[in-house]
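Please walk me through this model in the viewer, telling me at each stop what to select next and what is to be found there.

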Amino acid sequence: MKERVKKIRKTLNLSQKEFGERLGVTDSAISIIESGRRNITEQMEKSICREFNVSYDWLKDGTGEMFDAIPETLVDELVQEFRLDDLDRRIILGYLRLASEERTVIKKYIQNVIDAQ
């Protein structure tokens, strides 16, 4: 499981510090887990799955896909309620799949556009 935790973190482009902060633990706690010096607790497993949309089966056993599918029904509701087109829908789904740092870049860009108005 230690390798899968590391793979999640690397896939999301997060440092051990950033990964730990999102889970409420220190970077050294993440380092200890990734090195195998400490087993991951069930609570930590659940936190990882919840925070990063990771499949519990994949984290536990390595079976299936790493990430759970984004509940597209919620996006479909937004599309319908706000009369969004297909590009809007793809933008929303794409944004939700971005790593934290990538979202930050997008948010800064949008904030600059809003501030310029």
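Select Lys17 and Glu21 and show their side chains: in this predicted model the two form a salt bridge, with the closest N and O atoms 3.3 Å apart. Both residues belong to helix 2, where, being four residues apart, Lys17 and Glu21 are separated by about one helical turn. An α-helix has 3.6 residues a turn, so residues three or four places apart point the same way. Colouring by accessibility shows Lys17 as partly exposed, with a relative accessible area of 48%, whereas Glu21, at 53%, counts as exposed. This pair is one of seven salt bridges that the structure holds.

To display the contact itself, select Phe19, Arg22 and Leu23 on the side of helix 2, and Met44, Ser47, Ile48, Glu51 and Phe52 on the side of helix 4. By class, this contact is made up of five nonpolar residues, one polar residue and two charged residues.

From there, move to helix 1 (residues 2–11) and select Val5, Ile8 and Arg9, which are the buried residues of this helix. Turn the view until you look down the axis of helix 1: the buried residues fall within an arc of 95°, so they line one face of the helix. If you then bring up the surroundings, you will find these buried residues packing against helix 2, helix 3 (27–35), helix 4 and helix 5 (56–61).

Now select Glu45 and Lys60, which form another salt bridge, the closest N and O atoms being 3.5 Å apart. Here the partners come from distant parts of the chain, with Glu45 in helix 4 and Lys60 in helix 5, 15 residues apart.

For the next stop, select Asp76 and Arg89, whose salt bridge has its closest N and O atoms 2.8 Å apart. This pair too links distant parts of the chain, joining helix 6 (residues 72–81), which holds Asp76, to helix 7 (residues 86–97), which holds Arg89, across 13 residues. Asp76 is partly exposed, at a relative accessible area of 35%, but Arg89, at 19% relative accessibility, counts as buried, since the cut-off for buried is under 20%.

Finally, stay with helix 6 and select Glu72, which lies in this helix and counts as partly exposed at 32% relative accessibility. Which residues is Glu72 in contact with, once its neighbours within four places in sequence are left aside? They are Arg89, Leu93 and Arg97, and Arg89 is also the salt-bridge partner of Asp76. To end the tour, draw a C-alpha to C-alpha distance from Glu72 to Arg22: the two residues are 50 residues apart in sequence and 24 Å apart in space. Arg22 brings you back to helix 2, where it takes part in the contact with helix 4.

Note on methods. Residues are numbered from 1 along each chain as its sequence is written. This is a predicted model: local features need pLDDT of at least 70, side-chain atom pairs count only at pLDDT 80 or more; totals for chains, interfaces and linings use all residues. Side-chain values use heavy atoms; hydrogens and water are left out. Contact means heavy atoms within 4.5 Å. Helices (H or I, at least four residues) and strands (E, at least two) are DSSP runs, numbered from the N terminus. Ala, Val, Leu, Ile, Met, Phe, Trp, Tyr, Cys and Pro count as nonpolar, Asp, Glu, Lys and Arg as charged, and the others, Gly among them, as polar. Buried means under 20% relative accessible area, exposed over 50%, partly exposed in between (1.4 Å probe, protein chains only). The arc is that of the directions from the helix axis to the C-beta atoms. A salt bridge is a side-chain nitrogen of Lys or Arg within 4 Å of a carboxyl oxygen of Asp or Glu.
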